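Work through each task on the structure before reading its solution.

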Amino acid sequence: MMDGKFDNDIQAVVDADRAHVWHHLIQHKPFETGEPRVIVEGKGMKVWDQKGKEYLDAVSGAVWTVNVGYGRESIADAVRDQLVKMNYFAGSAGSVPGALFSEKLIEKMPGMSRVYYCNSGSEANEKAFKMIRQIAHKKYGGEKHKILYRDRDYHGGTLAAMSAGGQDERNMQYGPFAPGFVRVPHCMEYRKEELGLGHLSGRDFGIAAANLIEDVILREGPETVGGLCLEPVTAGGGVITPPEGYWDRVQEICRKYDILLHIDEVVCGIGRTGTEWFGYQHYGIKPDFVTMAKGVASGYAAIACCVTSEAVFDLFKSDPSDKMDHFRDISTFGGCTAGPAAALENMRIVEDEGLLENCAKMGERFMANLQALMDKHDVIGDVRGKGLFLGAELVKDRSTKEPVTEADVGAVVAECGNLGVIIGASNRSIPERNNVLCFSPALIVTAQEVDAITDAVDKALTKVFG
Ligand SMILES: Cc1ncc(COP(=O)(O)O)c(C=O)c1O
């Protein structure tokens with residue numbers, strides 16, 4: 001437990017941070033007078049800041065990452081043991097933990113076969129994009145090179161990943177983007193009017209939403225479209241669970257037009273959606289590429305994987321006499337052994353502690369609590385989620401679905417923080433649609449902790465909206 005004692009002079013740490021660290025995602029002007037938050041310690045579901053204030057973390061390190069919770073000595077030990085034996089060699093050679101983790105991972109992914117290691121979700125997605133482009137050149141004279149991505153999905157912060165970014169506000173001021181990326185509509189039933197599908201519901205809506213992808217393919221020309229990149233459940237774009245019938249139809253469309261299906265499991269991967277290891281496995285999807293990062297080693301080491309089918313892999317070794325025939329890519333830190341060493345132990349913990357089951361069970365409780373909050377607070381227009389990956393969309397008026405302001409959403413997040421609970425919210429992502437509270441506690445969360453999180457949300461909603 002946190003004992004209030006620090007190895008370092010904590011004020012000196014905070015001063016150094018204020019003077020030199022450029023934090024992610026936030027405006028720094030307030031730090032000229034106030035202090036940035038420095039997270040000093042974590043244990044289980046809890047973290048402590050520089051003032052010794054304790055928080056229950058309902059978002060696994062703020063961005064859906066620390067799936068097995070904080071302070072796992074067995075992961076730290078596995079990483080340390082590996083590092084003193086062999087810390088690094090470029091990925092053109094193999095490593096012991098790299099080989100062992102790939103075998104364990106593929107056991108969980110029937111139909112998939114090869115693991116390409118790198119170090120961030122963005123990078124893993126770019127590997128898949130590069131493979132799709134190279135396949136276009138190898139098989140189709142370069143013509144079938146376009147990559148489709150979906151409105152409201154996010155695939156990373158690097159420029160090619162942003163070129164496949166469905167969040168206009170997030171992309172604003174960073175263009176121009178890479179050519180050859182084409183947007184398809186989202187599949188969010190709550191906002192189906194935006195799609196012109198307000199008259200449909202359930203399976204009919206799901207199929208019609210998938211057909212909107214086909215419309216784009218036909219408009220672009222199927223002979224130009226090589227890949228389709230989708231999140232199984234959209235994360236930062238508003239926790240969008242797919243409608244019934246959607247995925248079957250998406251898959252049919254991909255087969256019909258010979259389009260490779262790339263599933264971005266950066267958030268959903270390794271148990272976040274409960275019962276299954278990956279989000280796509282709930283929907284009977286047979287992908288060609290699966291990318292993953294965040295929860296793979298729960299943030300104990302940086303690791304990302306671009307996993308492919310054997311059929312994709314085969315295309316990159318078909319002609320050894322051609323020196324351009326293989327995947328000519330390297331990721332320096334994809335050769336770090338800390339990542340797969342941590343990932344192996346992380347996976348053992350998920351299995352031995354039954355965390356897929358806990359995730360499903362606690363996810364149901366969390367959803368029931370959110371539904372109860374919806375009965376009480378008119379400002380909640382919709383609740384969505386799968387496993388421990390949940391969202392509540394806040395609206396001024398349930399009939400018009402007009403979103404509350406981002407400032408009000410921020411006030412709810414801040415009030416939860418005051419109450420000692422860290423929650424998340426969509427922010428600066430989608431114009432006029434940054435109105436979704438996000439919840440993604442570690443998969444170890446208990447029933448009492450789920451209730452504590454939703455109690456804080458209840459109080460915060462009352463404070464902000466009355
Ligand atoms: C669905 C999804 N894909 C990719 C990424 C990018 O991952 P990274 O920040 O590791 O590059 C994220 C990050 O939030 C994400 O949510």
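**Exercise 1.** Identify what covers the buried residues of α8, and check the length of this helix.

*Solution.* The cover of the buried residues of α8 includes β5 (146–150), β6 (181–184), β7 (225–230) and α9 (246–256), where contact requires C-beta atoms, placed from the backbone, within 7 Å. Helices (H or I, at least four residues) and strands (E, at least two) are DSSP runs numbered from the N terminus. This is a predicted model, in which local features need pLDDT of at least 70 and side-chain atom pairs count only at pLDDT 80 or more, whereas totals for chains, interfaces and linings use all residues. Residues are numbered from 1 along each chain as its sequence is written.

The buried residues themselves are Phe205, Gly206, Ala208, Ala209, Ala210, Ile213 and Ile217, buried meaning that 20 or more other C-beta atoms lie within 10 Å of a residue's own. As for length, the 19 residues of α8 (residues 202–220) should span 27 Å at 1.5 Å a residue, which agrees with the 28 Å between its end C-alpha atoms; the expected span is 1.5 Å times one less than the number of residues. After α8 comes Gly221, with a positive phi near 100°.

**Exercise 2.** Describe how the chain is divided and which element gives the most to the side of domain 1 that touches domain 2.

*Solution.* An automatic or database assignment sets the domain bounds, giving domain 1 (10–66 + 354–465) and domain 2 (74–352). Their C-alpha centres lie 26 Å apart, and the contact takes 30 residues from domain 1 and 28 residues from domain 2. On the domain 1 side, α12 gives the most, with 5 residues.

Methods:
Two residues are in contact if their C-beta atoms, placed from the backbone, lie within 7 Å. A residue is buried if 20 or more other C-beta atoms lie within 10 Å of its own, exposed if 12 or fewer, and partly exposed in between; C-beta atoms are placed from the backbone.
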